[in-house]
Amino acid sequence: MENFGFMRTLCVLTALVFISCTGSSTSTKQNTSTTPSSNIVGSVGDQQVTYKELTSNFGAGSESSKYTLEELQDFLPIYLDYRAKILSARDEGYFEDERILSEYDVYSKQAAYAYWIENVIRPTLFEEYKSKFTKEMKSSHILIALDNSATADDTLEVYNQIIEARNKFLSGVPLSELDSEYSTTRQGRSMGGDLPWFSVGTTVKPFEDVLYSLEVGEISMPFRTQFGYHIVLLEDKRDRVLSREISHIFAQRGQGTVRLDSAYLELERGNDWSEVVKKYTQDVQSASTGGKIGWVNYGSRYNPDFIDTVMHINPSSPYSKPFNSSYGAHIIKIDSVQTFESPEAYDEHIMNQLEESRTFRKSNSFVVNWLKENFESIEHKNTLNEFITLLSSLDTTKVSDIKLTRELASKNIYEFETFSYTVQDFLDYLISSGKGPLSSNYKPAWYLSFQEYVIDTNLTQFTINELPEFVDQTENYKSGLVVYQINEDSVWSATTVDSTKLMDLYLQNPADYSYDKRYFYHLISSSRDTTIQKAIDFVLAGNSPDSIRANGIMVGVVSDSTGTFQGEPFNKLEDLELNSFSEIFEYNNRKAVFYLNEILPARKMLFEEAFNKLLAEYQPVREQKWLSNLRKMYEVKLYPENLSQAYQVENNTQ
């Protein structure tokens, strides 16, 4: 649910705010004086700016935190102007502007999702993942498949079956027999049974969490995953065997053993590994790379028997003896065993593994589910069943036409932390989200999506309640929004400019607002030369270029007489005679041709034609006047001596 368009807007806003500041502040003299406290480097009204605040905001958002005294001296007036703009925006009501608040709400929610992922969920999962990473587990399980949309009766039936299987295991029946009796089969194969050695990140997290909570020889209580209900037996646990990067010489089944015996003999005689690979391997993809097939570990994509054989080869051996697998015959060379240069490199590797695993996702739904699991999430099942029973009794009633009793409507049906929602809220959600169309079509997924809606709706406030430091991020963004808007209104907006000032500028400098010799032309384009030729023939027959498309010739036609175009292809107009065509040329990946209608003499622009140019040229003057007024109104002061002294103290220089 990422909003890439919104994030693009955010970048634009931030850039504009600081471009405006940079372009106007550094060359302006402001009131300076001394102050008793050397830590105060400036003030705006009664608000003092400390050296720490200034350096904290210098280069905000960049990776580098280093700065020189000269850079801080340049940044100080920029930052003080920014603070003055915030005060002005507050006084003028920008912080209550509905447009700004609406965009702020959208940003806050997206920022809250990102904040949970980066500052809470990722670090928490990393520590959990790292603690499991050192171990590998051997297990077997029973799985009875159950769809997420299963009814309560079906769910209870499956649960009772899995409990029955567990009780039989505890009474001494082998799990392999119980797997045959109870596990669901798909395409003739059991969905349960024996599992290979694997470590964290290999299977779905609910299964993994249960497995890692067991002692060797212990069987779990029934638990549910997206596949259904399981019980799992932890058969053994060991330290993780580090991954190995391998190369092989491969031969297909049949004569593979004989072929690899010959290859092995050549290796024993001292022949080069790469040359033997080229001569004997039948793995075409790896033949040109010395037989490299990459990293292998327990839990990787290969057949468990193949993995087990590879992981038991002595890494110090130059190559293995030939052996057979389900793929064919192999000779394996261990190219390297996974090592880490430092604890930081080890942590980086684990983080990469975490982010590639099923355990971690960068999505809003992932955050919602994590919050449900780690905070108070109360499902009022009795109330939900009462509501479902009502829906079932209203066989053909549209959801939008359902009328609840006052008692049922007011009952809580779901709570997340301090946020409570009633049956009426749930019904309103079903109506607004278009669920239905008939009440008898109720699906369990609706209640799950309602829970996600509840958390999503309240996420910003919940984040502020739980993570107070998040407030600074959102408030800084709101300040950026209002500063951008007050800049727009005070400096850039054409609707707020004093047009008499633009008229004075227009009258004082007439030569600056004139058109040079211009060409009134038509530009005709198409993907086909033949279509353009039809258009040319049509005009040469005495017809207007403006009528080309109306007569069924499918070309692009644009005309202009005021635009200022230079370079290719517009310099072609200089060589044309009136009422003539240029040669056909390439333009924007299409075929194109110019038709010259008229050469227009130089003339002065009308005020309306010069307006945008006047506005752009007047903008620096307008900005300086506005900032000058702000500095006077909010008594902006700089204390450069204090800045220099604080910098020297920080860097131990005198």
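## Helix crossing, salt bridges and sheets

In this predicted model, the axes of helix H3 (residues 69-91) and helix H18 (residues 470-492) come within 9 Å and cross at roughly 85°. Axes here are lines fitted to C-alpha atoms, for helices over the stretch in contact, with angles running from 0 to 180 degrees between N-to-C directions. Helices (H or I, at least four residues) and strands (E, at least two) are DSSP runs, numbered from the N terminus.

A word on ground rules: residues are numbered from 1 along each chain as its sequence is written, and side-chain values use heavy atoms, with hydrogens and water left out. Local features need pLDDT of at least 70 and side-chain atom pairs count only at pLDDT 80 or more, while totals for chains, interfaces and linings use all residues.

On the H3 side, the residues in contact (heavy atoms within 4.5 Å) are Tyr82, Lys85, Ile86, Ser88 and Ala89. They meet Asn476, Ser479, Gly480, Val482, Val483, Ile486 and Asn487 in H18. By class, the contact of H3 with H18 has six nonpolar, five polar and one charged residues. For those classes, Ala, Val, Leu, Ile, Met, Phe, Trp, Tyr, Cys and Pro count as nonpolar, Asp, Glu, Lys and Arg as charged, and the others, Gly among them, as polar.

**Salt bridges**

How many salt bridges does a search of the whole structure find? It turns up 26, where a salt bridge is a side-chain nitrogen of Lys or Arg within 4 Å of a carboxyl oxygen of Asp or Glu. Here are three of them, with the N to O distance for each.

| Pair | N to O distance |
|---|---|
| Asp81 and Arg631 | 2.8 Å |
| Lys138 and Glu235 | 3.4 Å |
| Glu181 and Lys168 | 3.0 Å |

Take Asp81 and Arg631, whose side chains meet in a salt bridge. This pair links distant parts of the chain, with Asp81 in helix H3 and Arg631 in helix H21 (residues 607-633), 550 residues apart. Are these two buried or exposed? Asp81 counts as buried at 2% relative accessibility, and Arg631 counts as buried at 7%. The cut-offs are under 20% relative accessible area for buried, over 50% for exposed, and partly exposed in between (1.4 Å probe, protein chains only).

Next up is the salt bridge of Lys138 with Glu235. Lys138 sits in strand E4 (residues 135-145) and Glu235 in strand E9 (residues 228-239), so the pair ties together parts that are 97 residues apart in sequence. Lys138 counts as buried at 14% relative accessibility, whereas Glu235 is partly exposed at 33%.

Glu181 belongs to helix H6 (residues 175-182) and Lys168 to helix H5 (residues 152-170), 13 residues apart. Lys168 comes out as partly exposed, at 26% relative accessibility. Elsewhere, salt bridges that share partners join Glu128, Lys132, Lys205, Glu208 and Asp209 into one network.

**Strands and sheets**

Strand E2 (residues 40-44) and strand E3 (residues 47-50) pair in the antiparallel sense over four bridges; strands pair if DSSP finds at least two bridges between them. Gly42 stands opposite Val49 in E3. E2 and E3 form a hairpin with two residues between them, and Gly45 in the turn has a positive phi of about 65°.

Four strands make an open sheet in the order E11-E10-E13-E12, with antiparallel pairing. Strand E11 (292-296) and strand E12 (323-324) stand at the edges, each with a single partner strand, so one side of each lacks a neighbour in the sheet. Strand E10 (residues 244-251) pairs with E11 over four bridges in the antiparallel sense, and Arg244 has Val296 in E11 as its bridge partner.

Helix H8 (residues 256-268) lies across E10, E12 and strand E13 (329-337), running at about 45° to E13. Helix H9 (residues 273-280) packs on the sheet as well, touching E10 and E13, and its direction makes about 40° with that of E10.

**Two asparagines with positive phi**

Most residues other than glycine have a negative phi. Asn579 has a positive phi of about 60°, in the loop between strand E19 (556-560) and strand E20 (580-581). Asn579 is partly exposed, at 48% relative accessibility. Asn588 has a positive phi too, near 55°, and is found in the loop between strand E21 (585-587) and strand E22 (590-600). Asn588 is exposed, with a relative accessible area of 59%.
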